[in-house]
Amino acid sequence: MSYMKFDKTLMINLQESLSREVLRANQTGAYCCMTIVGCNTRKYHGLLVMPVPGLDDDNHVLLSSLDETVIQHGAPFNLGLHKYQGGSFSPNGHKYIREYSLEIIPQTIYRVGGVILSKEHIFSRTENKLMIRYKLLEAHSVTTLCFHPFLAFRSVLELSCRNDNINSHYDEVKNGIKTRLYEGYPDLYMQFSVPATFVNKPDWYKGIEYSKEQDRGYPYKEDLYVPGYFEVEIKKGEEIIVCCGVKEVDTDALPELFVKEVNTRKPRSSFYNCLVNSVHQLYYSPAGDDAYLLAGYPWFKVRARDLFVSVVGTTLLTDEADRYDQVMTTALKALRTFLRDGRTDPVIREIDAPDVLLWAIWSMQQYRLKEGVEKAKDRYLDIIGEIIRFILSQSHPNLKLSDNGLLYSNGRKTAVTWMNSMVNGRPVVPRSGYIVEFNALWYNALKFYKELNGNVPIDRIDSLIASLDASFPKTFVNKYNYLFDYVDGPSQDWSVRPNMVIAISCPFSPLTRAQKRAVLDIATKELLTLKGLRSLSPKSVGYRPTYFGSQYDRDLAYHQGTVWPWLLSMYISTYLDMFGQAGLSFIERSMISMEEELSHHCIGTVSELYDGNPPFAGRGAISFLMNLSALLTVIDMLKKYGIEYK
């Protein structure tokens, strides 16, 4: 695919190339992430970034980068690239890049005089290990390659400074060394597939800068330790593999192991395959049979709401039923523990958030839409009944059932919905009281429970549904025919927000078709963009479309006009329900726009959010679970109309 390849013109233009990142991750939560020119622009970047459970819950950068130098006839040509004070870049290795591609695994082609060198890297799916394969495609004489490892051994939340506390000791292992800068960390093994000479020449490279951290108002300067360098001779047509990991490897087996790993990768040969490939990076199963979905990279952990919203789209809709079973089994175990004992889960965060129980039922309903009523009944009737009884018994600390059948949640002091940004300890968007999507999901859950029970009379449930049929429209439908975002006593929030689209997208709704159509029309006029739905209408007070600047500035803008792609699937499902085939051309334009994003920000995946105004720049996390799920869900919807993306 053309957007998986970048030529020399783009690569040497740092304004363009430094804005594009590449991510490779495995099921342990470890990853390799950098820009496509190899220059790190975030403190989260590195060739080997991994959890170190003995230290804390964060990821840690062990190997920041590996600078290569091509030596011919005694002349060195350094292929590395770092940013230093004053906006200076050194050693400017990007000027030797001729092509970068990412169709199967990342590959960079360098040309230095008469030397043409290929570099490919692959991150192990199951182990914390990076392998880099170098092949000398063209050379008129024997060439020497030098490798300088830049070591960090620090949390992704911190930066390292030159100090005298490092352990500069190293041990020789087959075709390489192992070293560990600080206690508590694992040894870092750096080994080659061929004999390599290590020259011990320790030094600190001071004042390396990370521009993304500077833009975000964080500390952005770092000193990195280089213990020395490796030297290897290579001839035309030869290959050398470097392996960087936390376990010693059989260096003789590296060529075969590299090829084996490549053969397991799904080629990015289509929009669909790119999305599936990116979803696989978010699958998390660090130990045992438990399996999870990370909310995103590089800083998100497992979040309950994100998991339940996304699990069907990222597993069943990608024909991975076994993975769905693993993730849901793990998630429901944690959910039952909360329902029965009130205990939260150490891995699945925010499982006690008031809307998570409602999203869990919604997720099971998505399973029903894919697999049918009988399978859903056999699998989920009991747990859905348990959740509903838990809510009815007023057992949730922040989800209370009112006499009118609506659910009340207090969000004045703590953010309780997906719009969760906080400033100075207070919610930026203090959604509190009767929250529109909570109550739409509640009505939907009760009707779904009735459906699984064969629609037989259930007194308490029937009474609640009847109450909601009256109270939901009365509470939320305003005189302008859209929905209040929340209602708290006499206070009604008139902001035009996309949560009303969540409400009208539920399979069961207390609204009439005409009421849903009116909401959809308002959302189309004021919220819809080709990247998703704005979190606030430009016509509403407080609209802040640009997510940029300090933490404070970004928190204020996070849900005040930024665009969220995960809401597209809910908008499009409602749009198709209203207009059917007549709406396909519009939806295809939206998908083309999202496909274009795969060549920006993080290559092959979708950013967390986008600015609310053109050019809708990608912001936030570089790969986001709910957005990937939404796009896969839309692709599945379009199959019914004969439109294929595979």
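These legends go with a handful of close-up views of one predicted model. In this model, local features need pLDDT of at least 70, side-chain atom pairs count only at pLDDT 80 or more, and totals for chains, interfaces and linings use all residues. Residues are numbered from 1 along each chain as its sequence is written, and side-chain values use heavy atoms, with hydrogens and water left out.

**View 1. A three-stranded open sheet, S27-S28-S29, with antiparallel pairing.** Strands here are DSSP runs of E, at least two residues, and helices are runs of H or I, at least four residues, both numbered from the N terminus. Two strands pair if DSSP finds at least two bridges between them. Strands S27 (434–435) and S29 (491–492) sit at the edges with a single partner strand each, so one side of each has no neighbour in the sheet. S27 and S28 (residues 486–488) run antiparallel and are joined by 2 bridges. Look for isoleucine 435: its bridge partner in S28 is tyrosine 486.

**View 2. Glutamate 127 and lysine 129 in a salt bridge.** The term covers a side-chain nitrogen of Lys or Arg within 4 Å of a carboxyl oxygen of Asp or Glu, and the whole structure has 35 of them. In this pair the N to O distance is 3.2 Å. For burial, take buried as under 20% relative accessible area, exposed as over 50%, and partly exposed as in between (1.4 Å probe, protein chains only). Glutamate 127 is partly exposed at 31%, while lysine 129 is buried at 8%.

**View 3. A strand-to-strand salt bridge between lysine 221 and glutamate 209.** The side chains meet at 3.8 Å, N to O. Lysine 221 belongs to strand S18 (residues 221–234) and glutamate 209 to strand S17 (residues 197–209), so the pair ties together parts that are 12 residues apart in sequence. Lysine 221 is partly exposed at 38% relative accessibility, whereas glutamate 209 is buried at 4%.

**View 4. Arginine 513 and aspartate 577 link two helices.** Their closest N and O atoms are 3.7 Å apart.

**View 5. A network of salt bridges links Lys178, Arg180, Glu183 and Asp187.**

**View 6. Isoleucine 36, buried in a loop.** The loop runs between strand S3 (31–35) and strand S4 (46–51), and isoleucine 36 has 2% relative accessibility. Leaving aside residues up to four places away in sequence, isoleucine 36 touches Phe6, Leu10, Met11, Ser17, Arg20, Tyr100 and Ile603; contact means heavy atoms within 4.5 Å.

**View 7. Tryptophan 442 in the largest nonpolar core.** A nonpolar core is a set of buried Ala, Val, Leu, Ile, Met, Phe, Trp, Tyr and Cys residues joined through side-chain atoms within 4.5 Å. Beyond four places in sequence, tryptophan 442 has contacts including Leu358, Ile388, Leu407 and Leu468. Another core, of 9 residues, lies apart from this one; among its members are Met131, Val249, Leu254 and Val262.
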